[in-house]
Amino acid sequence: MDQQLENTLDQLYNTDKEILLFGDININALNDDHVNHRLRRYNSSLGLNQLIKEIARPTNRTCLDHVYTDRPQHILMTKVLNIGMSDHLPVGIVRKYRKRSIQNIEKTIKYRKWKNFSEQAFQDDLEKALWNVLDMHDDPDDAI
């Protein structure tokens, strides 16, 4: 399982996109020995930071539920919620969101004449579009 996760992280790292990894990693992040675990060392080599630093499994006072990111500056807050019916407490984050300024929005409305519109030509244009360039942006607003 560790190797599959490492392969996936390698692929993500090479895209230069933000990485957020949530999961029950089964490494106690509250124990200093966790830094020597193979997966933990690997995550550190990719610049991934483990953000959860509190008990998320009260039955044995451990933190097995991790949140890793390569951009901790985007995270405003992490929280382990003391609710639920599982032996693991839910873990969450609050991430920054950059709202676009209204000043950047074009205020001119343009109208097109539909008299010569060709649905087939429109569909052909959509099929020829280079949609993969959308993957180059982390922010959906930038992609548009």
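## Basis of the values

The model is predicted: local features need pLDDT of at least 70, side-chain atom pairs count only at pLDDT 80 or more, and totals for chains, interfaces and linings use all residues. Residues are numbered from 1 along each chain as its sequence is written, and side-chain values use heavy atoms, with hydrogens and water left out.

## Salt bridges

Side chains of opposite charge can pair when their charged atoms come close. The structure holds four salt bridges, a salt bridge being a side-chain nitrogen of Lys or Arg within 4 Å of a carboxyl oxygen of Asp or Glu. Among them is the pair Glu-6 and Arg-38, whose closest N and O atoms are 3.2 Å apart. This pair links distant parts of the chain, with Glu-6 in helix 1 (residues 2-15) and Arg-38 in helix 2 (residues 38-45), 32 residues apart. Helices (H or I, at least four residues) and strands (E, at least two) are DSSP runs, numbered from the N terminus. Glu-6 counts as buried at 8% relative accessibility, while Arg-38 counts as partly exposed at 40%. Here buried means under 20% relative accessible area, exposed over 50%, and partly exposed in between (1.4 Å probe, protein chains only).

Another salt bridge joins the side chains of Arg-95 and Glu-18, at 2.6 Å from N to O. Arg-95 belongs to strand 5 (residues 91-95) and Glu-18 to the loop between helix 1 and strand 1 (20-24), so that pair also links distant parts of the chain, 77 residues apart. Arg-95 is partly exposed, with a relative accessible area of 36%. Asp-87 and Arg-57 form a salt bridge too, with 2.7 Å between the closest N and O atoms. Asp-87 is in the loop between strand 4 (75-80) and strand 5, and Arg-57 is in the loop between strand 2 (49-50) and strand 3 (65-69), with 30 residues separating the two. Asp-87 counts as partly exposed at 32% relative accessibility.

## His-88

His-88 is found in the loop between strand 4 and strand 5. Is this residue buried or exposed? His-88 is buried, with a relative accessible area of 18%.

The side chain of His-88 has a polar contact of 3.5 Å with that of Asp-24, and another of 3.5 Å with that of Arg-57. A polar contact is a pair of N or O atoms within 3.5 Å; within protein, one must be able to donate a hydrogen and the other to accept it, and residues adjacent in sequence count only if both atoms are side-chain atoms. Leaving aside neighbours within four places in sequence, His-88 is in contact (heavy atoms within 4.5 Å) with Asp-24, Ala-56, Arg-57, Leu-64 and Asp-65.

## Thr-78 and Ile-93

Thr-78 lies in strand 4 and counts as partly exposed at 23% relative accessibility. Not counting residues up to four places away in sequence, Thr-78 touches Leu-51, Ile-52, Gly-92 and Ile-93.

Ile-93 is placed in strand 5 and is partly exposed, with a relative accessible area of 23%. Apart from neighbours within four places in sequence, the contacts of Ile-93 are Leu-20, Phe-22, Val-67, Ile-75, Met-77 and Thr-78. Ile-93 and Thr-59 are 34 residues apart along the chain, and their C-alpha atoms are separated by 23 Å.
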